[in-house]
Number of protein chains: 2
Amino acid sequence: MEHIEKILEFIVEIEKLKDVQRKTKPVGLERFENSAEHSWHVCLTALMLKDYANEEIDINRVIKMLLIHDLGEIDAGDTIVYAGQTTEYKAEEEAGISRLLSILPGFMADEFIELWREFEAGETADACFAKAIDRVPPLLHNIHGDGHSWRTHGVTKEKVFSVNQRIEAGSKDLWSVMRGKLEGAVNAGILK
Amino acid sequence: MEHIEKILEFIVEIEKLKDVQRKTKPVGLERFENSAEHSWHVCLTALMLKDYANEEIDINRVIKMLLIHDLGEIDAGDTIVYAGQTTEYKAEEEAGISRLLSILPGFMADEFIELWREFEAGETADACFAKAIDRVPPLLHNIHGDGHSWRTHGVTKEKVFSVNQRIEAGSKDLWSVMRGKLEGAVNAGILK
Ligand SMILES: [Ca+2]
């Protein structure tokens with residue numbers, strides 16, 4: 001029962017992810033997205049697009065990765081992907097997720113910190129696909145939302161294409177469709 | 001590529017779950033929770049508590065169930081668990097999730113509508129556990145939030161204990177801990 005108490009303490013602590021504000025607004029909403037609802041959204045995006053991964057993936061591991069991928073932001077905050085991430089920020093994120101996982105019974109933390117590191121490294125087939133998926137909803141937010149975060153942060157089309165081409169490493173088919181949508185955004189004048 | 005286009009259309013449509021307001025406030029926040037961030041939270045709650053299910057469960061199926069369990073609310077809205085759910089509401093929810101899933105390529109919808117029905121029926125080991133988990137965060141919100149939704153909706157302690165005892169069907173150990181916390185809430189005077 002002592003373990004359950006600790007797990008519930010963790011469950012309450014991670015509520016804070018609902019208060020981490022991201023840089024884009026969900027389609028149709030006037031407010032910014034938070035990292036908790038984003039985490040749900042990418043899990044379903046991965047589940048529905050799993051058959052389009054370049055390599056064989058374990059979708060259950062991908063979903064677990066995506067459920068925890070942003071927990072480090074509770075302590076470190078969200079950053080915009082186009083700014084790149086400093087070594088300091090990455091260290092802060094890892095310290096953050098380690099702090100959270102340390103609330104859990106001791107034997108549980110290791111599995112999840114390993115999974116988080118695998119995601120961050122982005123080298124395995126599962127991590128490559130998870131990282132590709134993580135890029136999709138914010139692009140859709142901009143495409144369907146007049147390029148609001150591109151405009152606010154002065155992100156050029158060259159930057160958008162170069163940063164998001166990483167989608168291709170996880171799924172060539174998905175990148176082909178997303179690239180088409182981004183070209184549409186350029187033609188519509190919302191990505192410059 | 002046509003299939004990917006349809007899946008992305010679905011991904012945009014389900015954004016609306018981020019705008020479905022629930023009846024409790026996340027711990028530490030002044031606003032109500034939405035059903036998308038709730039869905040993320042219950043997935044992690046299930047993952048961390050999986051070893052305490054009464055019966056053998058498939059945690060990957062449980063997580064899939066929880067990722068989609070509230071999608072019907074996009075059309076039907078959220079209802080308070082203590083009011084009970086009418087046949088009309090359940091039909092509205094099923095029509096809602098069917099409408100959403102029908103956006104997906106045809107062969108994909110069946111798996112998810114079956115999974116949703118299994119969750120709703122609450123009879124299999126996976127569904128029993130998923131339904132138990134679904135009750136936990138709103139109780140923690142009240143326990144750590146001065147019983148705000150119990151007070152607002154005039155929910156008595158008798159009702160709270162009887163409705164949430166369903167947790168026991170999924171996990172006796174979890175119910176034992178949660179029952180202790182609810183008794184603590186009664187003693188503290190926030191559950192009457
Ligand atoms: Ca619900």
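Reader: What span should helix α7 of chain B have?

Author: Helices here are DSSP runs of H or I, at least four residues, numbered from the N terminus. The expected span is 1.5 Å times one less than the number of residues. In this predicted model, α7 of chain B has 19 residues (125–143), so it should span 27 Å; its end C-alpha atoms are 27 Å apart, which agrees.

Reader: Is α7(B) enclosed or exposed?

Author: Buried means under 20% relative accessible area, exposed over 50%, partly exposed in between (1.4 Å probe, protein chains only). In α7(B), 19 of the 19 residues are buried, so the helix is largely enclosed by the rest of the structure.

Reader: Which protein donors does the calcium ion have?

Author: Donors are N, O and S atoms within 2.8 Å of the metal (3.2 Å for Na, K and Ca); water is not among the atoms, so sites may look incomplete. Here they are B:D70 (OD) and B:E73 (OE), 2.4 to 2.8 Å from the ion. Both residues are buried.

Reader: How many residues of chain A are in contact with chain B?

Author: Contact means heavy atoms within 4.5 Å. By that cut-off, 51 residues of chain A meet 51 of chain B.

Reader: What rotation superposes chain A on chain B?

Author: Copies are fitted by least squares on C-alpha atoms of residues with pLDDT of at least 70 in both. The rotation is 180°, with 0.0 Å of shift along its axis (RMSD 0.0 Å). The two copies are thus related as by a two-fold rotation axis.

Reader: Which conventions apply?

Author: Residues count from 1 along each chain as written, and chains are lettered from A, ligands numbered from 1, in written order. Local features need pLDDT of at least 70, side-chain atom pairs 80 or more, while totals for chains, interfaces and linings use all residues; side-chain values use heavy atoms, without hydrogens and water.

Technical notes: Helices (H or I, at least four residues) and strands (E, at least two) are DSSP runs, numbered from the N terminus.
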